[in-house]
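Let me put the model up on the screen and then walk you through it one chain at a time.

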Amino acid sequence: MTTVFTILFDGVAYGMLLFVLACGLAVTLGLMNFVNLAHGAFAMAGGYVCAVLVNSQGWPFFAALPLAFVVSAAIGAALERMLYRHLYTRSHLDQVLFSVGLTFMSVAAVDYIMGSSRIFIKLPAALEGQFDLFGVGIGRYRLMIIVICGLLTVALQLILARTRFGSRLRAAVDDPRAAIGLGINVPQVFAFTFAFGCGLAGLGGALSAEILGLDPYFPLKFMIYFLIVVTVGGSSSITGPFLASLLLGIGDVAAKYYVPKMGPFVIYTIMIVILIWRPNGLFGRSAAR
Amino acid sequence: MPTPTLSRRAAVAGAFSLAALFSVPAHAQETFKIGLIVPMTGGQASTGKQIDNAIKLYMQQKGDTVAGKKIEVILKDDGAVPDNTKRIAQELIVNDKVNVIAGFGVTPAALAAAPLATQAKIPQLVMAAGTSIITERSPYIVRTSFTLAQSSTIIGDWAAKNGIKRVATLTSDYAPGNDALNFFKQNFTAGGGEIVEEVKVPLQNPDFAPFLQRMKDSKPDAMFVFVPAGQGGNFMKQYAERGLDKSGIKVIGPGDVMDDDLLNNMGDAALGAVTAHLYSAAHPSAMNKEFVAAYKKAFNNRPGFMAVGGYDGIHLIYEALKKTGGKTDGDALIEAMKGMKWESPRGPISIDPETRDIVQNIYIRKVEKVDGELYNVEFATFEAVKDSGKTKK
């Protein structure tokens, strides 16, 4: 019986991780209506920054995590100002081609600089292993992921719903022209949002190295998972992607445990069923655009 | 007058092509070209890099001339994609007129090139890929790496004889993984062991957690593991995270999981894992010590079994050329390679004259800490193991 809870716990941790990795994409794709397939590249950047700081520079893991966020966000901001903003008004096909190209460049660059083998981040001993809670095996690292990601989710929701910046962002998305007319600096809002999304991806990348593995092909391997989260969750809020991540995480882990032979298919089956049932995702706005 | 100009041009072109025609065979007598096709990018890149390094090292040590031929290696990256391998092999054979094609990081790549070797009648030297059937696909294929059957049957025998009764298996769901599983199962159950749980993990698997939980719940004495080289580290970390090491479930398997290339990064979780394999950087021979030292000095990294496959591969080409006295004809080279015996960094090895596959010692090793680094320390040897994938037929 306790196994059920262990599976549930692992599933939640996996889902939370997917959410942090993908919520930046939900923002760019959903709120800014920009198809950014290079999202995983920012996650990878964060992961490598954390790995280099911890492994070669001897930084403590918890100090390197915020820096993974900051560096990825800075890269995101720089690229947004230099490259991305020119493509906001272009067709989705152009955006896809551009961002896929960027992904391949990032893969080649990281491969060249860091080598192609998988790297690991040296964790503090306190995060290793499992402990028993009423007979349920709780992985320390996974528990930390749940705590960090849970706090982030609450913070994000509050920022979007309660702060002035959140309402500016929503206004800028709903009707950019009217928003400009009201004196909102729309490009600045977008740039900031984009950078923040990239930073989250970077943090997710640093957290995921231990569980998903970090190598130069990370952006390509996990692009599909990010897209599933965003399409299933719908893109009108962050609640959608959050629930979608949890659903996919738990579904994936449980299916692999109980029916290992079918395991890998379940996540895609869930996606297909949900998209047939609600083509705009769980919380999609109905054909507004 | 347009016509004479044209014919003059034609004459010049003709002269050039004639010159080219004569100069090519004259040139080919001096150089012996090896088309090295390995993955230098992609998930299998470490295989290609190790092989390339080992060959460079060998040619540095032994010089690049043998039996009056200058050896030239043309390195091509196929990214472990069979379609690329085939196209590249064709280009190398037709355009570059290579005398040998070599490398081949994964089984599908080796199989894709096999018909070309047969057609062109040139040796195809497999330095990495490990599925049994490969050498049967062309009479021109010779292998210097290993077959999965070699290490998997041995670890199956060893486990059955050393008090391991119940085993759960976790293997990646692709040809080498299935090979490893079947050969292990065959020998382990024949020795009286029982398989209590069998899980095949998808090749592109992000998270081992659910599979490992299943392993843990089936409470085996040991788990048999085969995952592609790059995933070994992740696997061992999650194995420790879930506390399987503390619940007394040992890891056994063919040595691919504990590749020397990655072993040291796996952390103490890997300590005590018992694997059967052809090579360990800790192999206690004078030749290996020298090889490891030279490799470390040149590339600042420890050589793994892929490097040894490349090192022995180029050695085999050198020796075959010496034996034929510089004759580069494919059939003569293959004849020369058959039955060749030599001392490799991994120990004594030979090429089986019947199957053209490698015959080598398989060592049982345990991961231990030596001078602060993790090594596979050999403690038992099974001598001159042939590929049981073929001998059983």
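From the N terminus on, chain A's elements run α-α-α-α-β-β-α-α-α-α-α-α-α. That is 11 helices and 2 strands, where helices (H or I, at least four residues) and strands (E, at least two) are DSSP runs, numbered from the N terminus. Before I go on, a word on what you're looking at: this is a predicted model, where local features need pLDDT of at least 70, side-chain atom pairs count only at pLDDT 80 or more, and totals for chains, interfaces and linings use all residues. Residues are numbered from 1 along each chain as its sequence is written, while chains are lettered from A and ligands numbered from 1 in the order in which they are written.

So how does chain A compare with a compact globule? For 289 residues such a globule would have a radius of gyration near 19 Å, and chain A agrees, with 19 Å. (The radius of gyration is taken over C-alpha atoms, and the globule rule is 2.2 Å times the number of residues to the power 0.38.) Along the principal axes, the C-alpha atoms of chain A fill a box of roughly 60 × 45 × 35 Å. Of the 289 residues in chain A, 49% are buried. Buried here is 20 or more other C-beta atoms within 10 Å of the residue's own, exposed is 12 or fewer, and partly exposed is in between, with C-beta atoms placed from the backbone. Take the contacts in chain A between residues at least 6 apart in sequence: 76% of them join residues at least 24 apart. A contact is two residues whose C-beta atoms, placed from the backbone, lie within 7 Å.

Now look at one helix pair in chain A. Helix α1 (residues 2-31) and helix α9 (residues 218-233) cross at roughly 65°, and their axes come within 9 Å. Axes are lines fitted to C-alpha atoms, for helices over the stretch in contact, and angles run from 0 to 180 degrees between N-to-C directions. On the α1(A) side you'll find, among others, L18(A), L21(A) and L25(A), and they meet a set in α9(A) including F222(A), Y225(A) and F226(A). By class, the residues of that contact are 11 nonpolar, 2 polar and no charged. For the classes, Ala, Val, Leu, Ile, Met, Phe, Trp, Tyr, Cys and Pro count as nonpolar, Asp, Glu, Lys and Arg as charged, and the others, Gly among them, as polar.

On to chain B, with 13 helices and 15 strands. Its radius of gyration is 23 Å, close to the 21 Å of the globule rule for 393 residues, so chain B is as compact as a globular protein of that length. The C-alpha box of chain B is roughly 90 × 45 × 45 Å along the principal axes. In chain B, 55% of the 393 residues count as buried.

There's a helix pair to show you here as well. α2(B) and helix α11 (residues 305-324) of chain B pack at about 45°, with axes 7 Å apart. That makes α2(B) oblique to α11(B); under 35 degrees would be roughly parallel, over 145 roughly antiparallel, 65 to 115 roughly perpendicular, and the rest is oblique. This crossing, of α2(B) and α11(B), is right-handed. The residues in contact divide into 10 nonpolar, 6 polar and 1 charged.

Where do the chains meet? The contact takes 28 residues from chain A and 26 from chain B. On the chain B side, α2 (45-62), α7 (209-217) and α8 (232-241) each supply at least two residues.

Most residues other than glycine have a negative phi. F104(B), though, has a positive phi near 75°, and F104(B) sits in the loop between β4 (100-103) and α4 (107-120) of chain B. Is F104(B) buried or exposed? Buried, because F104(B) has 36 C-beta neighbours inside 10 Å. D371(B) also has a positive phi, near 50°, in the loop between β14 (358-370) and β15 (373-385) of chain B. With 5 C-beta neighbours inside 10 Å, D371(B) counts as exposed.

Key:
Left-handed = near helix turned anticlockwise from the far one by under 90°.
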